[in-house]
Amino acid sequence: MADLHDIAAELHAVPRADFVAARNARVQELRAGGNRPLADAVKGLAKPTPVAWALNAAVRAEPEAARDLVELVGTSPAAHDER
């Protein structure tokens with residue numbers, strides 16, 4: 001059975017324009033299956049901003065490149081100066 005994390009990951013993989021409809025359909029499925037607490041938690045998931053959606057899509061498409069970028073930024077002296 002999927003948990004909130006799994007469902008959020010699934011929803012963030014759909015086109016941003018379809019997020020609300022997909023979320024609401026999942027809420028209905030969960031309620032019909034008797035899992036009201038999870039349905040309520042899923043209902044609370046906000047539609048991602050365009051930037052967040054694009055970053056999620058990029059990470060899903062190129063996870064290794066995303067890891068490399070995070071590592072690079074984490075070791076950059078400029079990144080440490082701005083903390």
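The expected span of a helix is taken as 1.5 Å times one less than its number of residues, and helices here are DSSP runs of H or I at least four residues long, numbered from the N terminus. By that rule the 14 residues of helix α2 (residues 19-32) should span 20 Å, which agrees with the 20 Å between its end C-alpha atoms. The model is predicted, so that local features need pLDDT of at least 70 and side-chain atom pairs count only at pLDDT 80 or more, whereas totals for chains, interfaces and linings use all residues. Residues are numbered from 1 along each chain as its sequence is written, and side-chain values use heavy atoms, with hydrogens and water left out.

**Helix α2**

- The buried residues of α2 are Phe19, Arg23, Arg26, Val27 and Leu30, where buried means under 20% relative accessible area, exposed over 50% and partly exposed in between, with a 1.4 Å probe and protein chains only.
- Seen down the axis of α2, these buried residues fall within an arc of 105°, so they line one face of the helix; the arc is that of the directions from the helix axis to the C-beta atoms.
- Ala21, Gln28, Glu29 and Ala32 are exposed on the face of α2 turned away from its buried side.
- The cover over the buried residues of α2 includes α1 (4-11) and α3 (36-43), and just after α2 Gly34 takes a positive phi of about 85°.

- Ile7, Ala8 and Leu11 are buried in α1, and, seen down the axis of α1, its buried residues fall within an arc of 100°, so they line one face of the helix.
- These buried residues of α1 pack against α2 and α3, contact being heavy atoms within 4.5 Å.
- The largest nonpolar core has 10 residues, namely Ile7, Ala8, Leu11, Phe19, Val27, Leu30, Leu38, Ala39, Val42 and Leu45, and α1, α2 and α3 each supply at least two residues of this core.
- Such a core is a set of buried Ala, Val, Leu, Ile, Met, Phe, Trp, Tyr and Cys residues joined through side-chain atoms within 4.5 Å.
- Leaving aside neighbours within four places in sequence, Leu45 is in contact with Leu4, Ala8, Leu11, Phe19 and Arg23.

**Arg26 and the salt bridges**

- The structure holds 3 salt bridges, each defined as a side-chain nitrogen of Lys or Arg within 4 Å of a carboxyl oxygen of Asp or Glu.
- Glu10 and Arg26 meet through their side chains in a salt bridge of 2.7 Å, N to O, a pair that links distant parts of the chain, with Glu10 in helix α1 and Arg26 in helix α2, 16 residues apart.
- Arg26 counts as buried at 14% relative accessibility, whereas Glu10 is partly exposed, with a relative accessible area of 39%.
- Glu29 also forms a salt bridge with Arg26, the closest N and O atoms being 3.5 Å apart, and both residues lie in helix α2, 3 residues apart, about one turn of the helix.
- Asp40 and Arg31 form a salt bridge through their side chains (3.1 Å, N to O), while salt bridges that share partners join Glu10, Arg26 and Glu29 into one network.

**Other positions**

- His12 lies in the loop between α1 and α2 and counts as buried at 18% relative accessibility.
- Leu72, in helix α5 (residues 63-75), is exposed, with a relative accessible area of 57%.
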